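Subject: Handover of a structure

Hello,

Here is the structure I promised to pass on. My notes follow below it.

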Amino acid sequence: MTEDFYDILEVDRDASEDEINAAYRKKAARYHPDVSDDDDAEEKFKRIKKAKEVLTDEEKRQAYDRMGHERFQEAEKRGGFEDRGGAGRAGGAGGARGQGPFGAGGPFGGGGGGGSMGDIFEQFFGGMSDRGSGRRRGQDLRTEIEIDLADAYHGVEKSLTVTRPERCGDCDGRGHPADADARTCPECNGRGQVRQVQQTPLGRVQQTGTCPRCEGDGELYDERCSTCGGDGQTREESTLNVEIPAGIQDGQTLRMDGEGAPGPNRGPSGDLLIDVTIRDDERFEREGTELHHRLPISVPQATFGDTVAVPTVDGQEDLEIPSGTQSGEEFTIRGEGMPRLRGRGQGDLHVHVQVVTPTDLNDEQREALTAFAEAGGEEIEVREGFWEKIKNTF
Ligand SMILES: [Zn+2]
Ligand SMILES: [Zn+2]
């Protein structure tokens, strides 16, 4: 299936990076596999993410526009382009050349068909980037948020304060003042790359990596940014608003695109992953969209029937208890369970009745119950269907 990356995101071919990011956020919110019920959500999400990854990376986007969709995909499968000019590609160096995609070493991270080979190499070369510019995607960051069942029921916008690395505002992530004098890095002769030999379980592998001295810049500066000490990043506290969709389940993770750590050398930012925990609500137990509530009733209520108030997430509902109700019987209040994610229907509230045997009788009650026993109340008659009515397990 060949679907153009621009089509996938539904943006024009001359869309700005901001427009692409906005389109991505909209699509990703709909198809994120953690929050979408759509059968193809995972596949769609991958395509959306891939399209965004390529189109927001200046180098990749240029290559994509130049080569067209099919050729670009092909090139990527092979692990890189032959026709990338300038800084050049450095994947698959030395003896490994010709072995196909050099996994994470390729210019596109694990994006293509790296497979298990890629994983192995990622372990050993994970920290290295062979991009000429030294630009790398920033790390994903992880945080957590705790919400009430009512928040999960209605959906909620929460503000979240995280301390995270941010691109240094004084040097714009460069690590040096704009007017600092530059000289060519002697370690890599300005290439930003050095050859390194690593010992791996697969033998000695020569790999080209980012120059440790200039961190891929190819240049050294006579001055460091005094604010960030040359890192290009500072740790800052940020407050973000996160939209938590109605129907979210305990343990699900939300992703905020581009809110992770900034990439080294002004690379794109990683994502912020937010693990959602839902506080226990002592009134309910939750099973997906279904809620369960245990309702204690008295012997007379069970015997004669009654109308009782049952709590719902939002308030309460009247429930008719018929005469002759047994302990363990279940009643269903339709539509009072949790909403399905993305607003497609609602679960039910299941009320599990427990008849409470009286323990502290006063004299009058004792007398009355004794009279009941003497009047034949001690005889138990189990009718047909009795066990079926209370066999539900909860
Ligand atoms: Zn260098
Ligand atoms: Zn700085």
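Start with Thr289. With 17 C-beta neighbours inside 10 Å, Thr289 counts as partly exposed. The cut-offs are these: buried takes 20 or more other C-beta atoms within 10 Å of a residue's own, exposed takes 12 or fewer, partly exposed falls in between, and C-beta atoms are placed from the backbone.

Before going on, a word on the source. This is a predicted model, where local features need pLDDT of at least 70, side-chain atom pairs count only at pLDDT 80 or more, and totals for chains, interfaces and linings use all residues. Residues are numbered from 1 along each chain as its sequence is written, while chains are lettered from A and ligands numbered from 1 in the order in which they are written.

Back to Thr289. It sits in the loop between strand E10 (285–287) and strand E11 (290–298). Helices (H or I, at least four residues) and strands (E, at least two) are DSSP runs, numbered from the N terminus. Leaving out residues up to four places away in sequence, Thr289 touches Gly337, Met338, Arg340, Gln346 and Gly347. Touching, or contact, means that the C-beta atoms of two residues, placed from the backbone, lie within 7 Å. Thr289 and Gly345 are 56 residues apart in sequence, yet their C-alpha atoms are 9.3 Å apart in space.

Met338 leads on from there. Its contacts, neighbours within four places in sequence aside, are Ala152, Tyr153, Gly247, Arg286, Thr289, Leu291 and Gly347.

The cores

Met338 also belongs to the largest nonpolar core, which has 15 residues. A nonpolar core is a set of buried Ala, Val, Leu, Ile, Met, Phe, Trp, Tyr and Cys residues joined through C-beta atoms within 7 Å. Which residues have the most contacts inside this core? They are Ala152, Tyr153, Ile248, Ile274, Val276 and Met338. Helix H7 (149–154), strand E9 (272–278) and strand E15 (349–356) each supply at least two residues of the core. E9 gives the most, with four residues.

The axes of helix H2 (residues 17–31) and helix H3 (residues 41–55) come within 9 Å and cross at roughly 165 degrees. Axes here are lines fitted to C-alpha atoms, for helices over the stretch in contact, and angles run from 0 to 180 degrees between N-to-C directions. H2 and H3 are therefore roughly antiparallel to each other. That label applies to angles over 145 degrees; under 35 counts as roughly parallel, 65 to 115 as roughly perpendicular and the rest as oblique.

Loops and a strand

Most residues other than glycine have a negative phi. Asp172 is not a glycine, but has a positive phi of about 55 degrees. Its place is in the loop between strand E2 (156–167) and strand E3 (182–184). Asp172 is exposed, with 12 other C-beta atoms within 10 Å. Asn189, not a glycine either, has a positive phi of about 55 degrees. Asn189 lies in the loop between E3 and strand E4 (193–200). Asn189 counts as exposed, with 12 C-beta neighbours inside 10 Å.

Arg174 is found in the loop between E2 and E3. Arg174 is partly exposed, with 19 other C-beta atoms within 10 Å. Arg174 and Arg266 are 92 residues apart in sequence and 7.2 Å apart in space, C-alpha to C-alpha.

Ala309 lies in strand E12 (residues 306–311). Ala309 is exposed, with 11 other C-beta atoms within 10 Å. Beyond four places in sequence, Ala309 touches Gln316 and Asp318.

The whole chain

The protein chain holds 10 helices and 15 strands. Of its 394 residues, 28% count as buried.

Best wishes
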